Amino acid sequence: MENFLLDGERLDDLHRNNYKIIQNPKYFCFGIDAVLLSSFARASVNEVVLDLCTGNGIIPLLVHAKTNAKTLYGLEIQKELCNMAERTVKYNNLGEQIKIIEGDLKELSTFFKNSSIDVITVNPPYSNDLSGVKNSLSEKSIARHEILCTLEDVVEKSSRVLKSGGRFYMVHRPQRLVDIMYLLRKYKLEPKTIRLVQPFINKEPNMVLVEAIKCAKPMLKVLNTLIVYNQDNSFTDEVYKIYYE
């Protein structure tokens, strides 16, 4: 164990396949958005999955636990997070299935051929408001704000490497939904399914899950809203099953 953890790090249980993940509160630890995205995404056993902005590798780990996809890649620009993700993969003995790549999303085509990926997942920076943070390169600022990549970068680069008929899954904020729909259509990723997420039944949505398919015909399905918490702050039955299925 001592060989896997550095100062300030902890090992958290994912309640899936006995997998554990290395985290450090100094960085942007994964939240419920990553868990919901991994549950929302679909991948079959023979497909190749790419997770962009992978952070500490949480989404490839959860998607593998759910789907046993053939090969999963996680791309992350921050060196320290890549190192953390690589050690998590090694700790769980998943080096044959999950590959972590340190690199810039804007240079995605240097790592993957066009039309080579079956499924893309991404939990990108949400905010395009750079006031007060535009000169910050802190780990948390990079994770939260479009400092090193924009929403358009994410969509455009994803479309290049996705196969025709390939699936794109993203979690984002509802206030960016118009931007999301516009950019998906612009880059031939047809929105197929969306699901809003509310923290409580009497609160407005604070997340949206989006599925798009490359070069698909228009037809959008809006799923029932997912409620995260009961009034006593416990998970609803559906979210409890997502976490502990």
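Colleague: Which residues form one aromatic cluster here?

Modeller: The cluster is made of Phe-200, Tyr-229, Phe-235, Tyr-240, Tyr-243 and Tyr-244. This is a predicted model, in which local features need pLDDT of at least 70 and side-chain atom pairs count only at pLDDT 80 or more, while totals for chains, interfaces and linings use all residues. Residues are numbered from 1 along each chain as its sequence is written, and side-chain values use heavy atoms, with hydrogens and water left out.

Colleague: How many aromatic pairs are found in the whole structure?

Modeller: Rings of Phe, Tyr and Trp (its six-membered ring) pair if their centres lie within 6.5 Å; planes under 30 degrees apart count as stacked, over 60 as edge-to-face and the rest as tilted. The search of the whole structure gives 7 aromatic pairs. In one of them, Tyr-229 and Phe-235, the ring centres are 5.6 Å apart and the planes are at 15°, so the pair is stacked. Phe-235 and Tyr-243 are also stacked, because their ring centres are 4.8 Å apart and their planes are at 20°.

Colleague: Are the residues of these pairs buried or exposed?

Modeller: Buried means under 20% relative accessible area, exposed means over 50%, and partly exposed lies in between (1.4 Å probe, protein chains only). Tyr-229 has 29% relative accessibility, so this residue counts as partly exposed. Phe-235, at 22%, is partly exposed. Tyr-243 has 18% and therefore counts as buried.

Colleague: Tyr-243 is in helix α7. Which residues of that helix are buried?

Modeller: Helices (H or I, at least four residues) and strands (E, at least two) are DSSP runs, numbered from the N terminus. Helix α7 covers residues 237-244, and Val-239, Ile-242 and Tyr-243 are buried in it. Seen down the axis of α7, the buried residues fall within an arc of 95°, so they line one face of the helix. The arc is that of the directions from the helix axis to the C-beta atoms.

Colleague: Why do residues three or four places apart point the same way in an α-helix?

Modeller: An α-helix has 3.6 residues a turn, so residues three or four places apart point the same way. On the other side of α7, Asp-237 and Lys-241 are exposed. The buried residues of α7 pack against α1 and β11 (226-227), where contact means heavy atoms within 4.5 Å.

Colleague: How do I read the contacts of a residue in a loop, and what is Ala-41 in contact with?

Modeller: Start with its place in the chain. Ala-41 sits in the loop between α1 (32-40) and β3 (48-52). Its relative accessible area is 3%, so Ala-41 is buried. Setting aside neighbours within four places in sequence, Ala-41 is in contact with Lys-66, Thr-121 and Tyr-169. The C-alpha atoms of Ala-41 and Met-170 are separated by 8.6 Å, although the two residues are 129 residues apart along the chain.

Colleague: Where does Thr-121 lie, and what does it touch?

Modeller: Thr-121 belongs to strand β6 (residues 117-122) and is buried at 1% relative accessible area. Residues up to four places away in sequence are not counted, and among those that Thr-121 touches are Leu-37, Ala-41, Leu-50 and Tyr-169.

Colleague: How many salt bridges does a search of the whole structure find?

Modeller: A salt bridge is a side-chain nitrogen of Lys or Arg within 4 Å of a carboxyl oxygen of Asp or Glu. The search finds 13 of them. Glu-47 and Arg-167 form one, with the closest N and O atoms 2.6 Å apart. Glu-47 lies in the loop between α1 and β3 and Arg-167 in strand β7 (residues 162-172), so the pair ties together parts that are 120 residues apart in sequence. Both Glu-47 and Arg-167 are buried.

Colleague: What is the N to O distance for Lys-79 and Glu-102?

Modeller: Their salt bridge has an N to O distance of 3.9 Å. Lys-79 is in helix α3 (residues 79-91) and Glu-102 in strand β5 (residues 98-102), so the pair ties together parts that are 23 residues apart in sequence. Lys-79 is exposed at 55%, and Glu-102 is partly exposed at 41%. Glu-156, Lys-157 and Arg-160 are linked in a network of salt bridges.

Colleague: How many disulfides does the structure hold?

Modeller: A disulfide is a pair of cysteine sulfur atoms within 2.5 Å, and the structure holds 0. Cys-29 is partly exposed at 24%, whereas Cys-82 is buried at 1%.
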